[in-house]
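Please open the structure in a viewer and keep the selection tool at hand.

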Amino acid sequence: MSAPGENLRINPARLWDSLMDMAKVGPGVAGGNNRQTLTDADAEGRALFQRWCEAAGMTMGVDKMGTMFATRPGTDPAALPVYMGSHLDTQPTGGRYDGVLGVLGALEVVRTMNDLGIRTRHPIVVTNWTNEEGARFAPAMLASGVFAGIHTMDYAYGRTDLEGKSFGEELERIGWVGSEEVGARKMHAMFELHIEQGPILEAEGKEIGVVTHGQGLWWLEITLTGKDAHTGSTPMHMRVNAGLGMARITERVHQIAMSHLPDAVGAVGQVKVFPNSRNVIPGKVVFTVDIRSPHQAKLDTMKAEVIRHAHAVAAELGLGCSIEEVGHFDPVAFDPALVKVVRGAAEKLGYSHMNIVSGAGHDACWVNRVAPTVMIMCPCVDGLSHNEAEEISPEWAAAGTDVLLHAVLEVAGVVD
């Protein structure tokens, strides 16, 4: 077996065309995408991806969570597959590259191998994980979480969206309930290419982020219960204002994150206000606190402080307060040997690179529990993501996919 030379590159125009073609499925209102999980647009994107994979000579397997696994055979039937992939679902106002680059970059790796007649000892599998975003069905990384044994399938199937539709029913409705048992597949390694979703690589002028760690996360859904009342005729001292409680907790979350710098972030994201009328004091507010750190001790401390202060604010204002843990993963350390492989591929290809910690959660964070895993990142303009204005350059996409190609070939074993 010989290592491929540094002149081996993917077809950047074909990769970019694929990204643009997928972006036509589930278009947003401002140039991005609204291809939320288990919608009709998601089903359309899945079908397009399957056609591309089959045209590249791969066979498609689907598990009971709807995760798609497209396999290119290896020369050794006993060798465990090397996996690549990410996700095709988007935020309601998502970009064209978040997740999609990792799936279609992996497909481009296989297409390049086909072009050049490259064979590998280990099979290669391109993966589209279901419901990575968690925008419609919380928590995020749901299918990979079931795959890694973090969640049960019954739990996943029972998750509901804001309209009360369940994950299991919607997966069946769009026709993507597979026959494979979730988690039955064994992996030699998994690679996930992704846009950074932050500003560091662009600010540092680096083309490649070698991801060494991932931040841990807690999503805490807080429900504050007060009393609906007329905004004009209710005296200030007689109000039980759930909206005021949320405002004070929001400020406190910010202060808690600031007090634990560096390597700590926190904010309030999703908010539901009831009855959400202009002239009614909110009697109920449901909102989600998102706190993250790559350090376990900081993450645990911030969580405890948020819970303590939320209850204190509620008590001060006479509000009911309940807190549900709706999402969590511990900080992740990616496989050191695979990190070394990625760094070596970037160096061989002459791409500028740096070590980086993933600020966002990814399917690789869960899969890391059951297989050696690593991530590769490319910059995105102004660090903007989860936004229709999300943008990357064709050159950044190609560089990340070139590194993915060389790293995967090294681990999968090129057969002369």
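A residue counts as buried under 20% relative accessible area, as exposed over 50% and as partly exposed in between, with a 1.4 Å probe and protein chains only. The model is predicted, so local features need pLDDT of at least 70 and side-chain atom pairs pLDDT 80 or more, while totals for chains, interfaces and linings use all residues. Residues are numbered from 1 along each chain as its sequence is written, and side-chain values use heavy atoms, with hydrogens and water left out.

**Two positive phi angles**

Select L38, in the loop between α1 (12-23) and α2 (40-55); helices (H or I, at least four residues) and strands (E, at least two) are DSSP runs numbered from the N terminus. L38 is not a glycine, yet its phi is positive, about 65°. With 0% relative accessibility, L38 is buried.

Next, select D382, in the loop between β16 (373-378) and α12. Its phi is also positive, near 60°, in a residue other than glycine. D382 is exposed, at 65% relative accessibility.

**Two cis peptide bonds**

Move to P139, in the loop between β5 (124-128) and α4 (142-147). The peptide bond from A138 to P139 is cis, with omega near 5°. Then select P275, in the loop between β10 (265-274) and β11 (280-281); a cis peptide bond with omega about 0° joins F274 to P275.

**Salt bridges**

A salt bridge is a side-chain nitrogen of Lys or Arg within 4 Å of a carboxyl oxygen of Asp or Glu. The structure holds 17 of them. Select D40 and R173, whose side chains meet in a salt bridge at 2.9 Å, N to O. D40 belongs to helix α2 and R173 to helix α6 (residues 167-173), so the pair ties together parts 133 residues apart in sequence.

E181 lies in the loop between α6 and β6 (189-195) and K64 in the loop between β1 (59-62) and β2 (68-72), 117 residues apart.

**A helix pair**

Finally, select helix α10 (residues 336-349) and helix α12 (residues 394-412), whose axes come within 9 Å and cross at roughly 125°. The axes are lines fitted to C-alpha atoms over the stretch in contact, and angles run from 0 to 180 degrees between N-to-C directions.
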